[in-house]
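Subject: A structure for you to look at

Hi there,

Here is the structure I promised to pass on. Please have a look at it first, and then read my notes below.

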Amino acid sequence: NLQFTLREAPEHHPPSKNSIAMLSQRCGIFLLLVATMINSALSKPPSVKWAQDKDNIWVTVSIDCSDSKQFKPTAYSFSLNCRAKGGQSSNLQFTLREAIKPAESQCKTVRGEEECKLVKLHSHYFDRLTRDADEIKTLKPDWTRWKDEEDSQSQQEDHYEGVMELAKSSIDDVDKLLSGGSVVVADISFPWCTQCGYTRKTFAGVAKRLSSDTDKVKFVVVDARENFEAVSRYNISCDYKCEFYVLHQGEEAWKVPAKSSEEEMAAALQAYLAPAVTRVASEADYAAFRERHPVHALALVESSSSELHA
């Protein structure tokens, strides 16, 4: 304890307005930094591990949910929200690479983590978990659960590689081609689906053959994994009903069954390349049209030019 009496009174200077303002500003900055650090610690993304077999996906999230757990998956999205034991809210959402069955998927707490089982819509191996490869920065494989992929599925031949007449397109690209007046012949499918894999070589050959006939016909390949809208619009699945699509602006899609030979496939597609209704000016034009396209009805329209509608 140290006490003493000063000989004279110290000079007193009341704080200025500037010094008070500076102190207040510094305190505000300090509190903001503290709040940012706390928020950053609380909002740090959880680590995520995943594994799969042909039918299921397992997603393990480093969150110990104590209450308010909400797991709301959709066919193409994962959504898990809860309040952890520390009191902070945790939220993990991402878009899936391919579709699952939401009603059969579930999450449960196991040893302080959330283990979620997602049931795949189509039985096969995903090439990755998320639609965007970099969507989850903390994502790692869970090798303790991982099941090896069958060699028969992993080694698939790409019959479209190097075929200049086949454009790998999105559904938006297809819509632009249609609005520009083109007729689009499309293979809209899942690349991993081998049930109709044998037909792709034939389709590639037909694309080379028919693309040179006219600039109005465009052959495209649409990866159903990358185009969710195409899957719902054309009801794309993986089965033995092998079909290709002929698309005209403003018309329903024509589904053309696949053929075993290029000649048969080319003839089948050519039947649908013309619009649903084509105007011909004379019987000679009509005869030439019938040589390349089937005619289901012929309308004779009385006019000054005596036109026919097939």
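Let me start with strand β10, residues 183-189, where seven of the seven residues are buried. Buried here means under 20% relative accessible area, exposed means over 50%, and partly exposed lies in between, using a 1.4 Å probe and protein chains only. Helices (H or I, at least four residues) and strands (E, at least two) are DSSP runs, numbered from the N terminus.

A word on the source: this is a predicted model, in which local features need pLDDT of at least 70 and side-chain atom pairs count only at pLDDT 80 or more, while totals for chains, interfaces and linings use all residues. Residues are numbered from 1 along each chain as its sequence is written, and side-chain values use heavy atoms, with hydrogens and water left out.

Back to β10. In a regular strand the side chains alternate between the two faces of the sheet. On one side of β10 sit V183, V185, D187 and S189, on the other V184, A186 and I188, and all are buried.

What are the neighbours of this strand? β10 pairs with β11 (residues 217-223) in the parallel sense over seven bridges, and V185 stands opposite F219 there. Two strands pair if DSSP finds at least two bridges between them.

Now the helices. α4 (residues 198-211) and α6 (residues 262-270) pack at about 60°, with their axes 9 Å apart. That angle makes α4 oblique to α6, a word used for angles that are not under 35 degrees (roughly parallel), over 145 (roughly antiparallel) or 65 to 115 (roughly perpendicular). Axes are lines fitted to C-alpha atoms, for helices over the stretch in contact, and angles run from 0 to 180 degrees between N-to-C directions. The residues making the contact (heavy atoms within 4.5 Å) include F203 and V206 of α4 and M265 and L269 of α6.

Two loop residues are worth a look. R111, in the loop between β6 (106-110) and β7 (113-119), has a positive phi of about 50° although it is not a glycine. N235, in the loop between α5 (228-234) and β12, has a positive phi near 55° and is also not a glycine. R111 counts as exposed at 75% relative accessibility, and N235 counts as exposed at 62%.

Finally, the whole chain: it holds seven helices and 16 strands, and 37% of its 310 residues count as buried.

Best wishes
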